[in-house]
Amino acid sequence: QVHVVESGGGLVQPGGSLRLSCAASGILLRIFERSWYRQAPGKQRERVAVITSGDISNYADSVKGRFTISRDNGKNLVYLQMDSLKSEDTAVYYCKIVLSSGASYWGQGTQVTVSS
């Protein structure tokens with residue numbers, strides 16, 4: 001059984017920074033890609049950033065230049081460094097792990113609130 005757990009969310013002022021972490025455990029064969037999504041109240045879930053097994057990363061236009069996704073293969077961790085946060089970044093952030101088999105696993109999410 002694969003478990004995915006996010007951490008690091010919280011309340012931060014506009015212009016501040018947060019670092020989210022995602023830990024995956026269980027039977028993890030080949031991980032194809034790791035990604036972060038977010039969902040704000042009343043909005044659809046959107047992909048924020050993705051990093052492939054080949055270390056290719058991609059970002060939503062709304063976060064380019066402000067967010068950075070990275071991974072630690074040895075510890076099955078993936079991070080999302082979020083800088084210059086804006087109120088519109090407020091959302092629940094989810095981690096998604098996709099295996100080469102096509103199976104995907106989600107965490108429960110962590111709340112990020114950007115407010116003064």
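User: Is Ser21 buried or exposed?
Analyst: This is a predicted model, in which local features need pLDDT of at least 70, side-chain atom pairs count only at pLDDT 80 or more, and totals for chains, interfaces and linings use all residues. Residues are numbered from 1 along each chain as its sequence is written, and side-chain values use heavy atoms, with hydrogens and water left out. Buried means under 20% relative accessible area, exposed over 50%, and partly exposed in between (1.4 Å probe, protein chains only). Ser21 has 18% relative accessibility, so Ser21 counts as buried.

User: Where does Ser21 lie, and which residues does Ser21 touch, not counting residues up to four places away in sequence?
Analyst: Ser21 lies in strand β3; strands (E, at least two residues) and helices (H or I, at least four) are DSSP runs numbered from the N terminus. Contact means heavy atoms within 4.5 Å. Leaving out residues up to four places away in sequence, Ser21 touches Val5, Glu6, Ser7, Trp36, Val78 and Tyr79.

User: How many helices and strands does the protein chain have?
Analyst: From the N terminus on, the elements run β-β-β-β-β-β-β-β-β-β-β. The counts for the protein chain are zero helices and eleven strands.

User: Which cysteines does the disulfide join?
Analyst: A disulfide is a covalent bond between the sulfur atoms of two cysteines. Here the term is applied to a pair of cysteine sulfur atoms within 2.5 Å, and a search of the whole structure finds one disulfide. With an S to S distance of 2.1 Å, the residues joined are Cys22 and Cys95.

User: Why does the pair of Cys22 and Cys95 tie together parts that are apart in sequence, and how many residues apart are they?
Analyst: The angle about the S-S bond is -80°, and the link of Cys22 and Cys95 is left-handed. Cys22 lies in strand β3 (residues 18-25) and Cys95 in strand β9 (residues 91-99), so the pair ties together parts whose separation in sequence is 73 residues.

User: Are Cys22 and Cys95 buried or exposed?
Analyst: Cys22 has a relative accessibility of 1% and counts as buried. Cys95 has a relative accessible area of 0%, so Cys95 is also buried.

User: Which residues does Trp106 touch, not counting residues up to four places away in sequence?
Analyst: Trp106 is found in strand β10 (residues 104-106). At 33% relative accessibility, Trp106 counts as partly exposed. With residues up to four places away in sequence left out, Trp106 touches Val4, Tyr37, Arg45, Tyr94, Cys95 and Lys96.

User: What is the phi of Asp55?
Analyst: Most residues other than glycine have a negative phi. Asp55 is found in the loop between β5 (46-52) and β6 (57-59), and at 48% relative accessibility Asp55 counts as partly exposed. Its phi is positive, in a residue other than glycine, and lies near 65°.

User: What is the phi of Ser84?
Analyst: Ser84 is in the loop between β8 and β9. With 42% relative accessibility, Ser84 counts as partly exposed. Although Ser84 is not a glycine, its phi is positive, at about 50°.

User: How far apart in space are Glu88 and Ser62, C-alpha to C-alpha?
Analyst: Glu88 is found in the loop between β8 and β9, and at 53% relative accessibility Glu88 counts as exposed. Glu88 and Ser62 are 26 residues apart in sequence, and in space their C-alpha atoms are separated by 9.5 Å.

User: What separates the C-alpha atoms of Lys75 and Gly42?
Analyst: Lys75 is found in the loop between β7 (67-72) and β8 (77-82). Lys75 is exposed, with a relative accessible area of 58%. Lys75 and Gly42 are 33 residues apart along the chain, and the separation of their C-alpha atoms is 35 Å.

User: What radius of gyration does the protein chain have?
Analyst: The radius of gyration is taken over C-alpha atoms, and the globule rule is 2.2 Å times the number of residues to the power 0.38. With 116 residues, a compact globule would have a radius near 13 Å, which agrees with the value for the protein chain, 14 Å.

User: What share of the 116 residues in the protein chain is buried?
Analyst: The C-alpha atoms of the protein chain fill a box of roughly 45 × 25 × 25 Å, taken along the principal axes. Of the 116 residues in the protein chain, the buried share is 43%.
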